[in-house]
Structure formats: C-alpha cells, structure tokens
Amino acid sequence: MTQPKEYLCDVLIIGSGAAGLSLALQLADQAKVIVLSKGPLREGSTLYAQGGIAAVFDENDSIASHVNDTLIAGAGLCEPAAVQFTAEHAKEAMEWLIAQGVPFDQYLDTDGSMKYHLTREGGHSHRRILHAADATGRAVQITLVDQVKNHPNIQLLENYNAIDLLTGKKLGLDAKRCYGAYVWNKAASQVETIQAKAVALATGGASKVYLYTSNPDVASGDGIAMAWRAGCRVANMEFNQFHPTSLYHPAAPNFLITEAMRGEGAYLKRPDGSRFMPDFDDRAELAPRDIVARAIDFEMKRLGANSVFLDISHQPKDFIIEHFPTIYAKCLSVGIDITKEAIPVVPAAHYTCGGVMTNLNGQTDLDNLYAIGEVAYTGLHGANRMASNSLLECIVFAQAAARHILSELVSTQPTLTLPAWDDSRVSNSDEEVVITHNWHELRLFMWDYVGIVRTDKRLERALHRVELLKQEIHDYYSHFRISHNLLELRNLVQVSELIIRCAMQRKESRGLHYNLDYPEQLADSKPSILTPQA
C-alpha cells in the first residue's frame, strides 16, 4: 500500500453541486481551493433539478413580493432576515451565473431586445423563475463544472468520501475550530488528510434516509452528520419535503412524474382501479403537494399496497405523447405504455428543509467551518420550501460565504501538523451483508414511522430502532476497515436520529410535518433546535 497523501490548501469544499462549485469559483482567484466530490464531479442533486431559479427580473415584480411569497410558503417558521437577504441578493446571484455562461431561456421582445423568459411556479405570485427549458439544474451544473476544471487554483478530488472533520477537540486543543478533514480515497482504499484554513460543507440533503427518494444516491446527509459530530447545532430536521408521484419501478427508482400530468387530467387510483383523491379534498388530484402525498401515504398504509397508480390513459394517445414525451419514453423503456395503462407511483423524499445552523455568512458554530446549500439551515425555507428557492439559496450563500472567507484568510495562520489516520487495530470485514441489511432496515422504518404522516407511537418505535442500529454500526465501525457503504450508513443513521428527535420536539402539525396526535398548529411556533452534548 502506498503512503497516504496529505493535502494543504486555503479552503476545503466538501461537495460539488451548485453551492460547492459556486463557492470554489468565487474564491479561487485569491485562494488555493480543493473540491471534494463523493462521486463523479457532475453527480448530485443539482444535476437533476428540473425547475428554475427565482429572482426579481420583471419590472412588475418586487423583492417585497418574493419575500412575502416565501414567508407564506414557510408556514410561519421562516427567519425573516434570511428571506430578505436571499431575495435582495437573488438578481446579483443570477447575473453571476449568467456571466459564467449558464444558458437561461430568452425570447425576442416586441421592442427587438432579448429578454429572459420568466415562468411561474407554485407559491409565487409573479413570473420570476429563470430556467433552462425543464433541466435548469443540468445547465447550471455542466456550466460550473467546465469553469472549475479550467481554473488553475482549484484541485478536484473525485470519488472521495469525507469521513470526519478535524476539530480542536479532536486534536486535544481548546480552540473550537475546524482544521481540515479525514477523507476516504475510494480508488486507493485508504484514508488521507486535508488541512485547510477554512472548510465548507456543501454536501446537499439527506433524503436517502427514506426508502423512496427522488435524490441521487449521494444524498446521505454526510455534512449534517459530520457537523453534528463536530459540535454544531442543527435545526428543523423534521421538515422533509416529499414529491407525491415518483415512478415505482426497480429500474427507475428516482424518476419523478410531474404534477403537470395531474393538471392535464390524470387520475390517482387504488390497485383496484377506484379513484381516491375526491375522498380527501374537493380539488381531488389538483390539491396541493402535501395533501396529495398524505392521501397516497394513507391509502398505501391502509391497504398494505406497494404503490398507487396514476392513470392518464383515458386521454388521446397523441395528446399524451405530445405533452409528456420524456415520461412516455421513460415508462416505455421499463415496459409501461402510459397511453394504455396506469403508472405505479409512490411519494418520494425530495428536499431537506433543515440542516446545520448558520448565520447569513454561512458560518456554523465552529470557527472556520461553513455550510451552504441544502446541508444548511439558514431560516430561508421554514416549514416548507417554496419552489425555485433552493438553487437560489446555493448561489446567494456561496457568494456570502466567499466574501467572509476571503476577509478572514489573511489573518488565519497555518496550523500544526495533523495526525495521520490510525487503522492499525482494525481488520477487513467478511460480513458486508451486515451493512446491506442495516441499510435496508433503516430506510424502511424511516419510511413507515417518520415519513409523510407521523404519530408519537411511530416516532418512539423509530427512535428505539435507530438507537439499536447506531450502537451496532458504531461497533462495526470500531472494528473493521471503513468502506463507502459503511461511511454513508453511519451518517444516515445519525441523521435519522436527528430527524426523529426534531419531530418528537414538535407538538403540532405544520408545513411538511404532520402528526396525527397533534393535528392543529400552535399559536407560537419556533424552530426545532438540537444541541450536541459537550
């Protein structure tokens, strides 16, 4: 085995989506940057984001309106200062993306000038969504990847897992500060050390704790778990957004079926072919996302069904293919002809609204440690994220964090020599099935007990299970050499516990958190904050 490498940089960025790559580009002219990517550089939630990015470009729109819409969507739990800050900096952030070369859709106006095409999404009172067709995330990700690959001050480490942050406490120092991280080089199967003056977590969300998710495999809550272990507070982890209709098929587990299909007359049906949405809401299939998701969840649990069905086959074939060519092609590729048969669908975990607590500079509770994007709790989303504010948050807070990091770098001294990883007392595991079994058990009970609809009894059962799993995985982690799957499972179990404990704190139903034992909203509601033990 070769000697493990040791890296030294000004800023280590863990994560390579919109938040991480934007931060890298904002820093790299004045700092030496390392970007750590768990998989290939392009893989992550940004790539799959279909919607656009909200910003006030229309003269009939206003920042005040964007703020108000966001506060309403957040169901009374947004931090007004964070919402104001984000809306005020939205246009500047989008102009920066445009300067990087992101090809947002444009049109020729009647006065002969080119203008950006603005669309409107749920919760927005004006057209303010910049987009690149229906694949905005892909356009953003590909553009930023091209830029970082061409910057001489950015070093890219692909297929690396971050294991843990190196903190003053871990090094036996008094300083409540982050000095770098231990990372797992998958290709070399060894642990390496990265020392940095500042570290930024841009690892995305934690939707992979659930059995069904629209997120790519990398969304395992790594940054949230690492920050918690390092001593940072987390907040609002109980608020996980679920998309109502994801294709239920093993060959396409992350494929979303757009709400537009219900808008064009598709019916939701039980396995026996009967409709059920009229039983839950007068708007039937056109009810809001959370109501539709809860109705599907109720029917699946009541019937013990693996899925429900979305049926648009009563519409003309040409109409279906013209309006939904991507869905038609995808379903056909797995043997489902949507012009003739119903689509098996389940709700899917989609977005983590809570995360590591930060201020408006992206700073966490630990000096020199920042968190930006879905990993962070800035207060922007409250109890429910409004459409097209997520990619916006990534860019706005990347800019804010970059400004703060650069202002601090000059006065940040190089640190002491960091200790190498010690795996002299562990052995190779011959029981990888333990990880596979625990992985499936965790995601299944999180789906059943801590999913779209909760009860106190379900949460208590989940906490009991997660505590047993946590001990089992800790013992496994202590005795065997690490692997990619073990690192992800360790983080998923930790994040699951945080979700459960936040959910148990909240004695009401609000936004994305629905508890049958507390169906009403409290008059005075606050964020659910968890603080690590010293």
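Predicted model: local features only at pLDDT ≥ 70, side-chain atom pairs only at ≥ 80, totals over all residues.
Residues are numbered from 1 along each chain as its sequence is written, and side-chain values use heavy atoms, with hydrogens and water left out.

A word on terms: strands (E, at least two residues) and helices (H or I, at least four) are DSSP runs numbered from the N terminus, and two strands pair if DSSP finds at least two bridges between them.

Strand β10, residues 178-185, pairs with β11 in the antiparallel sense over 6 bridges, and in the hairpin of these two strands, which has 4 residues between them, Ser189 takes a positive phi near 55 degrees. Strand β1, residues 6-14, runs parallel to β11 and is joined to it by 8 bridges, with Ile14 opposite Leu201. Strand β18, residues 369-371, pairs with β11 in the parallel sense over 3 bridges, and here Ala200 stands opposite Tyr370.

Elsewhere, 3 strands form an open antiparallel sheet in the order β3-β7-β6, whose edge strands, β3 (53-54) and β6 (118-119), each pair on one side only. Between β3 and β7 (residues 129-130) there are 2 bridges, and Ile53 has Leu130 as its bridge partner.

Turning to the cysteines, a disulfide is taken as a pair of cysteine sulfur atoms within 2.5 Å, and by this rule the count comes to 0. For Cys502, the closest cysteine sulfur, in Cys353, is 12 Å away, too far for a bond. Cys502 is buried, with a relative accessible area of 0%, and Cys331 also counts as buried, at 0% relative accessibility.

Finally, I come to the lining of the second largest pocket, to which β9 (160-167), α7 (222-230), α14 (456-479) and α15 (484-505) each supply at least two residues.

Notes. Buried < 20%, exposed > 50% of the residue type's maximum accessible area, 1.4 Å probe, protein only.
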